[in-house]
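Open the model in your viewer and keep the selection panel at hand. The stops below follow one another.

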Amino acid sequence: MSARSIDRAEEVAMGMQSVSQLDEREIRTTFGSFPTGVTALCTQGPSGPDGMAASAFTGVSLEPPLVSVCVQKSSTTWPRLRSRHKLGVSILASGQEAACRSLSARSGDRFVNLAWTASETGAVFLNGAVAWLDCRMHAELDAGDHVIVLLEIERLETTADTAPLVFHRSRFRSLLEPERAA
C-alpha cells in the first residue's frame with residue numbers, strides 16, 4: 001500500500017473539518033474515540049495524602065524507565081503534587097470508578113473511603129490497582145493548555161490477573177475478555 005495525499009475534495013467528502021472550524025466539544029469527542037487507562041497520581045502532603053486522577057498516561061522509555069501524563073495547566077492540584085519529592089502512580093483496576101471520581105472532585109477530602117498505602121519515600125498508592133509505580137519528576141514540557149509530565153520509575157509492582165479500568169467515549173469500561181497468547 002502506498003501513501004498518498006488527501007486532496008481538499010476528499011476531505012470534504014469524508015466530512016473533515018479544518019481545526020479553525022472545530023469547537024472544544026468536537027475535539028474532546030474525537031480524543032475520546034481512543035480508549036485510555038486511568039491512573040491516580042498521589043503523594044503524601046503536609047496534611048495527609050494528596051492526589052488526582054489522570055487518563056492521558058503512557059509508557060515512554062525503557063532506558064531510563066519513563067512514563068508520561070498530561071495535566072491541565074489550570075489544575076490546582078498539580079502544583080502541590082509537583083513540589084513533592086516522590087509521586088505514586090496507581091494504574092486503576094476495573095471497579096475503581098468511584099476512586100477515579102473521588103480523586104477528580106474539585107473540593108472535599110478526595111481520599112475519603114479510599115484504601116491507600118504510603119511508601120517510606122512519600123509516594124501514595126491506591127490499594128487494588130493493576131500496577132503501582134514509585135516515581136520522581138524527570139521533566140515537564142509545555143503542550144498548549146496542558147503540561148506533559150515525564151516521570152522516572154524507581155520501583156514498580158504489577159498484579160497479573162487484574163483487569164484495568166478503561167476510559168472510552170466519556171465512559172468507564174472494563175477489559176473483561178481473557179488475555180490471549182500472541
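In which sense do strand E2 (residues 39-45) and E6 pair, and over how many bridges? They pair in the antiparallel sense, over four bridges.

The model is predicted: local features need pLDDT of at least 70, side-chain atom pairs count only at pLDDT 80 or more, and totals for chains, interfaces and linings use all residues. Residues are numbered from 1 along each chain as its sequence is written, and side-chain values use heavy atoms, with hydrogens and water left out.

Select Leu-41 and look across to Val-89 in E6, which stands opposite. Next select strand E9 (residues 131-143), which runs antiparallel to E6 and is joined to E6 by five bridges. On this side Ser-90 stands opposite Trp-132.

Now select residues 87-91, strand E6: four of the five are buried, so the strand is largely enclosed by the rest of the structure. Buried means under 20% relative accessible area (1.4 Å probe, protein chains only).

Of its 17 residues, Leu-41, Val-71, Trp-78, Leu-133 and Val-149 touch the most other members. Strand E10 (146-158) is among the elements that give two or more residues; the largest share, four residues, comes from E10.

Apart from this core lies another, of 13 residues, including Val-38 and Phe-111.

Methods. Buried means under 20% relative accessible area, exposed over 50%, partly exposed in between (1.4 Å probe, protein chains only). Two strands pair if DSSP finds at least two bridges between them. A nonpolar core is a set of buried Ala, Val, Leu, Ile, Met, Phe, Trp, Tyr and Cys residues joined through side-chain atoms within 4.5 Å.
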